[in-house]
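Here's a quick briefing on a metal site and some charged side-chain pairs. Have a look at the model first, then read on.

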Amino acid sequence: MPVVNALSVDVEEWFQVGAFERVIARGEWDLLPSRVEDNCARVLDLFAAAGVSATFFTLGWVAARHPALVRRIHAAGHEIASHGWDHARVFTLGPQAFAADLAQARAALQDACGAAVRGYRAPSFSIDQRTPWAFEVLAEQGYAYSSSVAPVVHDHYGWREAPRFAFRPLPDSAMVELPVTTAELGERRLAAGGGGFFRVLPYGFSRWAIRQVNAQGQPAIFYFHPWELDPGQPRMTRAPLRSRLRHYTALDRMGGKLARLAREFAWSRVDAIVAQLGTAELPSQWPHAA
Ligand SMILES: [Zn+2]
């Protein structure tokens, strides 16, 4: 039996990305053209054609403005989970502000889809060694799982010492953390869970990485963004060159690569992967630096 992998989409607008955070103020967001509905429609079509279900980690900000989109995703059989309110990274918040961000997002998501939200992904994988309190806040609010850690060094994020595979971050809670997928090449740990790496690097890199993880009996935790399927999105000329290169490269090839990925591996929603993991047997670790 092939290992079933977790497929996820971080639902945000083309301008709500870490790469543009310094050049677009949150106050400008409502003035920019929204493309999230059209872009999610492409994602839903692609998933329907491939016969896969996935988890949509959605910003509360998006759900409050596009509740019909959230209902449509949910009605198509996908899981609605939280990506926080307005993409504030967890390490920029304190415990109280994080709790308020979570609650505001969940209210908007649940109002929109009418179903309980039980999963969370931090914006830009921003739970790391600076935020040892974040898992406690998530457990207090009753989340079943989080997929918020990138166990790799990256210029925007990363927590090199974190476990690569699912673990229980709190000894007295069944809540599970599913770190985004990494691959190992000799001594090096490589980001391999999707996003810009999947879009920019050859398809074969992701196939190799997912096969490596599956050969260890582990599910891959893969993600992408709706704006990555949108070659027609506005160009943010104010952003630094490196950010623009990363954001706008290979948008036209993304749909074909995703369709291939959907065909070549077995995929499901993140909540289904958590159920299949059997949380009681998972290692309990508190991996922040002592
Ligand atoms: Zn995001």
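How are the donor residues of the zinc ion spaced in sequence? The pattern is E-x70-H-x3-H. This is a predicted model, where local features need pLDDT of at least 70, side-chain atom pairs count only at pLDDT 80 or more, and totals for chains, interfaces and linings use all residues. Residues are numbered from 1 along each chain as its sequence is written, and side-chain values use heavy atoms, with hydrogens and water left out.

**Zinc site**

- Glu12 (through OE), His83 (NE2) and His87 (NE2) coordinate the zinc ion at 2.0 to 2.1 Å. Donors here are N, O and S atoms within 2.8 Å of the metal (3.2 Å for Na, K and Ca), and water is not among the atoms, so sites may look incomplete.
- Glu12 and His87 bring together distant parts of the chain, 75 residues apart. Glu12 sits in the loop between strand 1 (4-11) and helix 1 (36-50), while His87 is in the loop between strand 3 (79-82) and helix 4 (95-113). Helices (H or I, at least four residues) and strands (E, at least two) are DSSP runs, numbered from the N terminus.
- Glu12 counts as buried because its relative accessibility is 3%, and His87 is buried too, at 5%. The cut-offs: buried is under 20% relative accessible area, exposed is over 50%, and partly exposed is in between (1.4 Å probe, protein chains only).

**Salt bridges**

- Searching the whole structure turns up 14 salt bridges, each being a side-chain nitrogen of Lys or Arg within 4 Å of a carboxyl oxygen of Asp or Glu.
- Arg130 pairs with Asp128 at 2.6 Å, N to O. Asp128 is buried, at 1% relative accessibility, whereas Arg130 is partly exposed, at 48%.
- Glu184 and Arg164 form another salt bridge, at 3.3 Å, N to O. This pair also links distant parts of the chain, 20 residues apart: Glu184 belongs to strand 7 (residues 182-185), and Arg164 to the loop between strand 5 (145-146) and strand 6 (176-177). Arg164 is buried, with a relative accessible area of 9%, but Glu184 is partly exposed, at 36%.
- Asp271 meets Arg269 at 2.7 Å, N to O, in a salt bridge. Asp271 is partly exposed, with a relative accessible area of 27%, and Arg269 is partly exposed at 23%.
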